[in-house]
Amino acid sequence: MKGKKIVLTSDPTMMSTYHGGAILGFTATLPKSVLPDFAFRRLFCPPMAAASDGSALLAPCGMRKVEAALLEAGFDRSEVMVAHPDHLDKAIGPETEIVGITHDDPLGKIALREIEEMIGRGEPHNRSKFLALINHPLIKEHKPKLVVGGMGSWELLGEDVPVDHIFLGEGEGDFPEICRSIINGDEVPKVIRGTAVAGGDIPVNRGPTIAGIVEVGRGCWRGCSFCSPSMRTVRHRPLDKILDDVTVNLKAGQKDVVLHSEDVFTYGSSGAKLDGEKVKKLFREVKRLGPRTVDISHVSLATAYQNQDLLREVSRIVGVGRDQKYMSAWVGIETGSCRILQMHMPRKASPKNPESWPEIVRDCYRLFGEESWLPVGSLVLGLPGETAEDVLQTIELVESLKDYTGLLMPLFFSSMSETRLGGTTSFGKDRAFPEHWELVGLCLEYNLRHLKALHRFYSERMTVGPGVHAVHKGITLIADVAMTKYLKRMKRGEPPN
Ligand code: SF4
């Protein structure tokens with residue numbers, strides 16, 4: 001087996017179907033001692049199917065973009081492979097020059113990082129599986145150049161890990177040239193910064209994506225200090241290319257579509273003033289292609305608040321309540337403190353002022369409830385300058401949302417190198433106020449309260465049989481009981497352990 005010249009892959013936490021419920025991927029933040037490997041892979045992060053040549057039948061959208069860019073840049077199909085992590089023996093050999101790994105959170109520094117600190121029972125699955133991949137015996141034997149890219153590649157900066165290159169930023173423009181340089185034996189820096197490509201130059205995928213994710217655009221103009229998309233200019237893809245990506249997915253048997261950008265309602269516009277007709281056309285045309293469901297990856301609460309009729313219209317076009325039970329979207333609440341909003345996210349509420357933020361959030365949650373949208377809301381804990389009083393205001397806001405079905409993700413602030421807060425100290429357990437624990441406890445209580453309803457809703461998109469559903473329901477009940485002691489402690493303002 002000679003091996004493919006360029007092998008694109010990732011570890012099993014990234015290369016999974018998640019049983020059709022991408023939210024299950026968050027279990028990758030748990031350690032093995034809490035969720036053993038066999039249960040993790042069987043119940044939450046099952047491997048996707050592989051073709052007989054060892055290629056993965058599904059891949060993360062970012063990996064598909066890099067694959068397409070390499071092929072468009074002149075590499076031959078026989079030289080490039082999106083490889084299944086369980087079948088690297090069919091991909092990596094003596095002629096493999098480059099292994100490109102895409103990862104969102106390779107060292108577990110972003111998503112629910114507090115779980116590791118709270119439970120204190122070992123490293124999370126995402127870190128251990130990433131480290132196992134980069135130390136794979138075939139990589140050690142054949143010594144291809146290891147390039148790590150994707151949203152989480154910044155986590156490797158300054159870390160003692162055996163990778164040759166860390167690729168930051170967008171890959172479609174520069175990665176093919178970098179590959180040529182590596183293959184020619186040229187000097188290539190350890191840290192590479194990919195330049196942004198124009199919306200029209202984001203290529204059409206050559207294969208289907210996990211969860212049916214289809215990229216609509218990149219970047220965000222709201223400029224929050226802790227966020228990396230805010231550092232990128234806003235660009236959108238032409239409608240025909242978006243539809244081509246949907247078609248690639250549907251032809252390969254994917255049934256659901258998730259339209260991805262930082263704020264899908266800004267499609268076709270570059271700032272606060274939306275082009276509602278373009279947005280409606282986007283949804284109408286996607287719907288015409290016949291997916292079973294259409295979801296949105298992210299929507300800004302301020303945009304939804306300002307454009308409530310548009311949200312209702314999109315619900316009707318998609319057929320929420322008729323063709324699909326609900327629509328899901330990630331929303332960034334981040335804080336209930338107008339002071340913190342002004343300090344770190346001054347344009348988050350725009351065109352309203354930061355003082356309107358709690359009202360915007362509450363109004364959007366009411367609208368989501370009316371329109372059967374399920375929000376997954378993120379909160380950022382421990383932003384620089386946050387006081388106990390700020391956290392109390394977030395607690396008050398979260399309390400007011402408790403009857404609306406959804407999920408809340410309280411995330412410890414991580415100082416990402418590619419943001420305006422890069423270089424500051426990340427938040428951790430040692431700096432937490434009692435109010436932070438109270439807030440985490442409140443979010444946990446909210447999630448446990450809505451878990452049964454969410455499971456019922458999510459089962460619409462899930463691909464598992466009744467056996468796994470029954471186990472998931474059982475785990476929900478066990479989690480309810482097992483978490484009670486932590487929850488009580490945190491709600492008293494005490495650390496969970
Ligand atoms: S609104 Fe969201 S995507 Fe935009 S800069 Fe702020 S956190 Fe980032």
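Strand E10 (residues 256-260) and strand E11 pair in the parallel sense over four bridges, where two strands count as paired if DSSP finds at least two bridges between them. Helices (H or I, at least four residues) and strands (E, at least two) are DSSP runs, numbered from the N terminus. Bear in mind that this is a predicted model: local features need pLDDT of at least 70, side-chain atom pairs count only at pLDDT 80 or more, and totals for chains, interfaces and linings use all residues. Residues are numbered from 1 along each chain as its sequence is written.

**The E7-E10-E11 sheet**

- Strands of a sheet pair through backbone hydrogen bonds, either parallel or antiparallel.
- Here, three strands make an open sheet in the order E7-E10-E11, and the pairing is parallel.
- Strand E7 (213-215) and E11 are the edge strands, each pairing on one side only.
- On average, neighbouring strands in this sheet are turned by 30 degrees against each other, direction ignored; the axes behind such angles are lines fitted to C-alpha atoms, for helices over the stretch in contact, and angles run from 0 to 180 degrees between N-to-C directions.
- On the E7 side, three bridges join E7 to E10, and the two run parallel.
- Glu215 stands opposite His260 in E10.

**How covered those strands are**

- Five of the five residues of E10 are buried, so E10 is largely enclosed by the rest of the structure. A residue is called buried if 20 or more other C-beta atoms lie within 10 Å of its own, exposed if 12 or fewer, and partly exposed in between, with C-beta atoms placed from the backbone.
- Both faces of E10 are covered, with Asp256, Val258 and His260 buried on one side and Val257 and Leu259 buried on the other.
- E11 (residues 293-296) is also covered on both faces: Thr293 and Asp295 are buried on one side, Val294 and Ile296 on the other.

**The E12-E13-E14 sheet**

- Another open sheet of three strands has the order E12-E13-E14, with parallel pairing.
- Strand E12 (327-334) and strand E14 (407-412) stand at the edges with a single partner strand each, so one side of each has no neighbour in the sheet.
- From one strand to the next, the twist averages 20 degrees.
- E12 is joined to strand E13 (residues 373-381) by seven bridges, and these two run parallel.
- Ser328 is found opposite Leu374 in E13.

**Two helix pairs**

- Two packed helices are described by the angle between their axes and the distance between the axes.
- Helix H2 (residues 61-72) packs on helix H6 (residues 175-184) at an angle of about 65 degrees, with their axes 9 Å apart.
- That makes H2 roughly perpendicular to H6; angles under 35 degrees count as roughly parallel, over 145 as roughly antiparallel, 65 to 115 as roughly perpendicular and the rest as oblique.
- Val66, Ala69 and Leu70 in H2 meet Phe175, Pro176 and Cys179 in H6, a contact being two residues whose C-beta atoms, placed from the backbone, lie within 7 Å.
- By class, that H2-H6 contact has six nonpolar, no polar and no charged residues. Ala, Val, Leu, Ile, Met, Phe, Trp, Tyr, Cys and Pro count as nonpolar, Asp, Glu, Lys and Arg as charged, and the others, Gly among them, as polar.
- Helix H8 (residues 276-288) and helix H10 (residues 308-318) pack at about 15 degrees, with their axes 9 Å apart, and are therefore roughly parallel to each other.
- H8 passes H10 in a right-handed crossing.
- Gly276, Val279, Lys280, Phe283, Arg284 and Lys287 of H8 make the contact with Leu310, Glu313, Val314, Ile317 and Val318 of H10.
- Those residues divide into six nonpolar, one polar and four charged.

- In helix H4 (residues 125-134), the buried residues include His125, Asn126, Arg127, Lys129, Phe130 and Leu133.
- The buried residues of H4 pack against helix H1 (37-44) and strand E3 (98-102).
- Lys5 lies in the segment before strand E1 (6-9), and Lys5 is buried, with 20 other C-beta atoms within 10 Å.
- Lys5 and Thr96 are 91 residues apart in sequence, yet 4.2 Å apart in space, C-alpha to C-alpha.
- Leaving aside neighbours within four places in sequence, Lys5 is in contact with Glu79, Glu95, Thr96 and Glu97.

Terms used. Left-handed = near helix turned anticlockwise from the far one by under 90°.
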